[in-house]
Every structure is written in C-alpha cells, then in structure tokens.
Amino acid sequence: QVQLVESGGGLVQPGGSLRLSCAASGSIFSINGMGWYRQAPGKERELVAIIIFGYSINYEDSVKGRFIISRDNAKNTVYLQMNSLKPEDTAVYYCNAYEWQRGARYDYWGQGTQVTVSS
C-alpha cells in the first residue's frame, strides 16, 4: 500500500503561480511512476503530468511550457510547479502513484487539492 498526501492548492490570479506537493509513504519501493491529474466540474479526470521512473516525463499539451513536474527522492515527494496559470486550469488536482504487479496496474490517489484561478 502507498499513501499520498498533497498540499499547496489555493486561489491565485490569472498569470500567477502555485506549487503542489505530494508526499508518498508506505511501500514506495514498488512505485513505477507518479503524477498529477485534475478534474474540473462536469469534466472527466485528466492526466496533467507524469514521471515514469527511469524512463520519461510527459505533460498534457495545454500545460507544456507552463507546468513542471519534479521529484525529490530523499523526501519521497513529487512537485508540480504551475506557472502562467489560466482560469481553465481551475480544478481539483489529484496526486497519483502506480505500480505494476504480475501484469496488473495498481493506482493510489491523494485526497485532492483545489486550485482556483480567478481574478
């Protein structure tokens, strides 16, 4: 089992910045990747950014050049630096970690943190 605790959401004006943090604990040695998803009202949850450990970093097209995902191995924490925020970035952001075991993917989720971009 993996536990994820998020922090860093809030209200910000358009053009502003926020940094989200996600601290992982538990069976972290089994994690194959970590990332951030978001869900806006009335919309499906979508992938924002992901680190596939030892392989790649990927971003959703609308956040490329504005968001940066990073990882601090010593703290077992993943960050999402969000710059040049737009009203359409408003959503609940969820941290995700996943592992593959015997051909099956297991996903773990944080509790979600609200990000509101508004003037």
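Trainee: Is Trp-109 buried, exposed or partly exposed?

Mentor: The terms rest on relative accessible area, found with a 1.4 Å probe and protein chains only: under 20% is buried, over 50% is exposed, and in between is partly exposed. Trp-109 has 36%, so Trp-109 is partly exposed. This is a predicted model, in which local features need pLDDT of at least 70, side-chain atom pairs count only at pLDDT 80 or more, and totals for chains, interfaces and linings use all residues. Residues are numbered from 1 along each chain as its sequence is written, and side-chain values use heavy atoms, with hydrogens and water left out.

Trainee: How many aromatic pairs are there?

Mentor: Rings of Phe, Tyr and Trp (its six-membered ring) pair if their centres lie within 6.5 Å; planes under 30 degrees apart are stacked, over 60 edge-to-face, and the rest tilted. The count here is one aromatic pair. Its members are Tyr-37 and Trp-109, with ring centres 5.0 Å apart and planes at 70 degrees, so the pair is edge-to-face.

Trainee: Where in the chain do Tyr-37 and Trp-109 lie?

Mentor: Strands are DSSP runs of E with at least two residues, and helices are runs of H or I with at least four, numbered from the N terminus. Tyr-37 is in strand S4 (residues 33-39) and Trp-109 is in strand S10 (residues 104-109), so the pair links parts of the chain 72 residues apart. Tyr-37 is buried, at 15% relative accessible area. The protein has 11 strands and zero helices.

Trainee: Which charged end sits over the ring of Trp-109?

Mentor: A charge sits over a ring if NZ of Lys or CZ of Arg is within 6 Å of the ring centre and within 35 degrees of the ring normal. For Trp-109 the charged end is that of Arg-45, 4.6 Å from the ring centre. Arg-71 sits likewise over the ring of Phe-53, at 3.5 Å.

Trainee: How many residues does the largest nonpolar core have?

Mentor: Nonpolar side chains tend to be buried together in soluble globular proteins. A nonpolar core is a set of buried Ala, Val, Leu, Ile, Met, Phe, Trp, Tyr and Cys residues joined through side-chain atoms within 4.5 Å. The largest one here has 28 residues, and Leu-4, Met-34 and Trp-36 are among those with the most contacts inside it. Strands S1 (2-7) and S3 (18-26) are among those that each supply at least two residues of this core.

Trainee: Which residues does Leu-4 touch?

Mentor: Contact means heavy atoms within 4.5 Å. Not counting residues up to four places away in sequence, Leu-4 touches several residues, including Met-34, Cys-95 and Trp-109.
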